[in-house]
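Me: I am new to this structure and would like to learn how to read its features one at a time. Could we begin with the pairing of charged side chains?

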Amino acid sequence: MASSSGNSSSVSTAQLQNSGSEEELQQLQMDQRKRKRMQSNRESARRSRMRKQKHLDDLMTQVGELRNENNQILTSINLTTQHFLNIEAENSIFRAQMMELGQRLESLNEILHFIDNTSSGVFKTDHHHDDIFMNNNNNPSNLIYLNQQPIMASADHTFPY
């Protein structure tokens, strides 16, 4: 403290010691606050790294789950595709059989039409189509073979729709 005797330029040694210890005390407090802040920052960084690691672990788990789901979907697609191809092959066979049967039916209808319109006496004309393959003597050994081709279709042959 300044002396009241008028010599204001001189500072007492007690005053210097007080201000020196005050500066040291302030420095110690600042150092303590700095250490506390550094420790707090380290803890915050550690928590941030832990959050980041947990997020990364969660994402890796999600990647594994999505890969499994993707594999299941691909397996399902492959099975469905195989089933589709099998059904498509079967449909091709059915279409071929249908075409052949349609042609046979058309031939048989032409024969029936011809028989109905003819009066040559080779066939019965009483409109009983069950007897059209018999001659007038009803001899089964004299059957007329008309368009008796077997239906031949396989999955190896594809037909346009």
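Reply: A salt bridge is counted when a side-chain nitrogen of Lys or Arg lies within 4 Å of a carboxyl oxygen of Asp or Glu. The general idea is that side chains of opposite charge can pair when their charged atoms come close. Please keep in mind that what you see is a predicted model.

Me: How many salt bridges does a search of the whole structure find?

Reply: The search of the whole structure finds 2 salt bridges. In one of them, the side chains of Arg 46 and Glu 43 meet with a nitrogen-to-oxygen distance of 2.9 Å, and in another, the side chains of Lys 54 and Asp 58 meet at 3.1 Å, again N to O.

Me: Where do Arg 46 and Glu 43 lie in relation to each other along the helix?

Reply: Arg 46 and Glu 43 are 3 residues apart in helix H1, which covers residues 13-117, so they are separated by about one helical turn. Lys 54 and Asp 58 also both lie in helix H1, where they are 4 residues apart, about one turn of the helix.

Me: Which residues form a nonpolar patch on the surface?

Reply: Ile 73, Leu 74 and Ile 77 form such a patch, and together they have about 260 Å² of accessible area. Leu 74 lies in helix H1, and its relative accessibility of 43% makes it partly exposed.

Me: What does the secondary structure of the chain come to, and what share of the residues is buried?

Reply: The chain comes to 1 helix and 0 strands. Buried residues make up 6% of its 161 residues, while the accessible surface comes to about 13900 Å², of which carbon and sulfur atoms hold 55%.

Me: Where does the pLDDT stay under 50?

Reply: For the chain, the mean pLDDT is 77, and 61% of the residues reach 70 or more. The pLDDT stays under 50 over residues 1-9, a stretch for which the model has 3 contacts beyond four places in sequence. Over residues 129-148 the pLDDT is also below 50, and this stretch has 29 contacts in the model beyond near neighbours in sequence.

Methods. Residues are numbered from 1 along each chain as its sequence is written. This is a predicted model: local features need pLDDT of at least 70, side-chain atom pairs count only at pLDDT 80 or more; totals for chains, interfaces and linings use all residues. Side-chain values use heavy atoms; hydrogens and water are left out. Helices (H or I, at least four residues) and strands (E, at least two) are DSSP runs, numbered from the N terminus. Patches are made of residues with over 30% relative accessible area and no salt bridge: like charges are joined within 9 Å, nonpolar side chains (Val, Leu, Ile, Met, Phe, Trp, Tyr) within 5 Å. Accessible areas come from the Shrake-Rupley method with a 1.4 Å probe; for residues, only the protein chains shown count as cover. Buried means under 20% relative accessible area, exposed over 50%, partly exposed in between (1.4 Å probe, protein chains only). pLDDT is the predictor's confidence in each residue, from 0 to 100. Contact means heavy atoms within 4.5 Å.
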